[in-house]
Amino acid sequence: MADEVHQEYEVMDHLEAKFKHFHANTATLQNDIEEYKKCLAGIHDRQDKLTAAQKKQKGELVKLKEEVDDLVRKGTLTIRQKELYTAQIREMQKSLRKVDEVTPKTGSTFLWMLLGRVNVVIEKYDDRFFYKEQYERFKMRITMFVIPFSALLIYNEIPFLDLLFNAFLSYYYLTVMIREHIL
């Protein structure tokens with residue numbers, strides 16, 4: 001009897017130790033989540049600053065180009081000088097495009113009309129590769145479905161199935177288009 005009570009206390013102590021360990025890990029995880037949120041907020045603030053600075057610089061470059069064109073029309077600058085300034089402006093535009101590589105993008109006009117202005121960039125290379133892999137699997141599965149269904153429709157004229165097939169193809173092409181634009 002005393003042996004059973006002792007074993008029961010050992011089991012309880014073991015469980016208590018596991019629960020304490022679990023609670024400690026959970027507390028650490030919660031702290032990590034808060035730290036992650038703060039880092040994300042900092043990143044988003046920095047992205048906003050970069051985007052605003054880039055927009056301002058682009059505006060200044062447009063004004064600079066217009067000023068160079070005006071000076072050429074007035075005869076103040078030669079064509080050679082204009083070419084030099086234009087080359088410098090192009091270099092500045094290239095350096096401003098580097099900001100686009102690190103800031104969120106809303107994608108093409110098609111995605112903007114369909115999804116709205118949301119970030120459609122998959123930033124991590126592994127995630128992008130996984131998304132592409134899933135996309136290829138999706139296309140393969142659909143192909144395996146479409147071939148027999150098409151054969152069925154060729155040999156049987158059933159209007160309802162034809163309508164269903166066309167609706168399915170519309171879904172498929174829309175999905176493929178969206179995924180292509182995201183990739």
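Let me begin with what I mean by a patch: patches are built from residues with over 30% relative accessible area and no salt bridge, where like charges are joined within 9 Å and nonpolar side chains (Val, Leu, Ile, Met, Phe, Trp, Tyr) within 5 Å. The areas come from the Shrake-Rupley method with a 1.4 Å probe, and for residues only the protein chains shown count as cover. Lys and Arg count as positive and Asp and Glu as negative, with His and the chain ends not counted, and the place of a charge is NZ of Lys, CZ of Arg, CG of Asp or CD of Glu.

This is a predicted model, in which local features need pLDDT of at least 70 and side-chain atom pairs count only at pLDDT 80 or more, while totals for chains, interfaces and linings use all residues. Residues are numbered from 1 along each chain as its sequence is written, and side-chain values use heavy atoms, with hydrogens and water left out.

On that basis, D3, E4, E8, E10, D13 and E16 form a surface patch of negative charge. Of these, D13 sits in helix α1, residues 2-74, where helices are DSSP runs of H or I with at least four residues, numbered from the N terminus. D13 counts as exposed because its relative accessibility is 53%, given that exposed means over 50%, buried under 20%, and partly exposed in between (1.4 Å probe, protein chains only).

Let me turn to salt bridges, each defined as a side-chain nitrogen of Lys or Arg within 4 Å of a carboxyl oxygen of Asp or Glu. The whole structure holds seven of them. Within helix α1, K65 and D69 lie four residues apart, about one turn of the helix, and their side chains meet at 3.7 Å, N to O. K65 is partly exposed at 37%, as is D69 at 21%, and a network of salt bridges links K65, D69 and K82. Also in α1, D70 and R73 are three residues apart and form a salt bridge at 2.7 Å, N to O; here D70 is partly exposed at 34%, whereas R73 is exposed at 65%.

Which residues make up the largest nonpolar core? A nonpolar core is a set of buried Ala, Val, Leu, Ile, Met, Phe, Trp, Tyr and Cys residues joined through side-chain atoms within 4.5 Å, and the largest has 11 residues: Y135, F138, I142, V146, F149, L153, L161, F165, L169, Y172 and V176. The elements giving two or more residues to this core are α4 (125-155) and α5 (159-182), and α4 supplies the largest share, six residues.
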